[in-house]
Amino acid sequence: MSHAADLPLWAALLVALLLVLGSGLTLLGAIGLVRLDSFYKRVHSPTLGTTWGTGGILLGSMLFFSMIEGRPVLHELLIAVFVTVTTPVTLMLLARAALYRDRMEKNPEVPTFVAVAERSSEVVVKGTKNGEPEKS
Amino acid sequence: MSAAILLWAVTISQIFLALAALCCGLRLFRGPRAQDRVLALDALYVCAMLMLLTFGIRTGSTLYFEAALVIALLGFVSTSALAKFLMRGEVIE
């Protein structure tokens, strides 16, 4: 780490703090991924790593390279924006797929379709296509 | 002094990220259903991306940043494709 020898002490301390904060939060999220007991609880825990886990390490990296090169280095913002935009999209797609699979298998732990639950006392529901309730 | 502080911080953070990747790998192997494995793969991608950024700080080169960006892109595409596959049974309809 000879390239970091001329870094001021406050910047080194701040970069170290941000790095340890980010990686510690990522580790906490991964431990949650192992320890929580149902898929719908587990789907929340990696977001700890994608919000402040990524944010801390990216802020540390931005500060480090800005101090080393003596000019603002902001290209880490690309990763930050990209991760922030894509994580909710992927996890929501995944949760919807898991909910669909559980409903198709009549798993009692998930709520059934709203239309099915309302009409279950009347008749057999017809015309469900791909698991989506029919528009009436 | 500041080089020593940074070396310790980067080492600790790489150990943490390696442990996090190990936890994701455990869920990837154990995970009772397919959606658990896809979720663990997504978290593993994030761990690998952060690990590359810490390697960039350790060596002081910005080349690692581009690899991290590519890994983030591939993680998004692969996870959404796998979620689509779990939902419909095929990726491109």
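Biologist: Which residue of chain B forms a salt bridge with Glu105(A)?

Modeller: Happy to start there, with the note that this is a predicted model, where local features need pLDDT of at least 70, side-chain atom pairs count only at pLDDT 80 or more, and totals for chains, interfaces and linings use all residues. Residues are numbered from 1 along each chain as its sequence is written, chains are lettered from A in the order in which they are written, and side-chain values use heavy atoms, leaving out hydrogens and water. A salt bridge needs a side-chain nitrogen of Lys or Arg within 4 Å of a carboxyl oxygen of Asp or Glu. With the closest N and O atoms 2.9 Å apart, the partner of Glu105(A) is Arg33(B).

Biologist: How many salt bridges does the rule find across the interface of chain B and chain A, and which elements give two or more residues to the side of chain B that touches chain A?

Modeller: The rule finds three salt bridges across this interface. Helices here are DSSP runs of H or I with at least four residues, numbered from the N terminus. The elements of chain B that give two or more residues to the side touching chain A are α1 (2-30), α2 (34-59) and α3 (63-88).

Biologist: How much area do chain B and chain A bury between them, and which three residues supply 14% of the area that chain B buries?

Modeller: Buried area is the accessible area (1.4 Å probe) that two parts lose on being put together, summed over both. Here the two chains bury about 4,700 Å², with 79% of it on carbon and sulfur atoms. On the chain B side, the 14% share, more than any other three residues supply, comes from Leu39(B), Ile57(B) and Met87(B).

Biologist: Is Ala97(A) buried or exposed, and which residues is it in contact with, leaving aside its neighbours within four places in sequence?

Modeller: Ala97(A) belongs to helix α4 (residues 76-104) of chain A. Its relative accessible area is 0%, so Ala97(A) is buried (under 20%; exposed is over 50%, partly exposed in between, 1.4 Å probe, protein chains only). Taking contact as heavy atoms within 4.5 Å, and leaving aside those neighbours, the residues it touches are Ala83(B), Leu86(B) and Met87(B).

Biologist: What is the angle between the planes of Phe39(A) and Tyr40(A)?

Modeller: Rings of Phe, Tyr and Trp (its six-membered ring) pair if their centres lie within 6.5 Å, and planes under 30 degrees apart are stacked, over 60 edge-to-face, the rest tilted. Phe39(A) and Tyr40(A) are 5.5 Å apart centre to centre and edge-to-face, with an angle of 80°.
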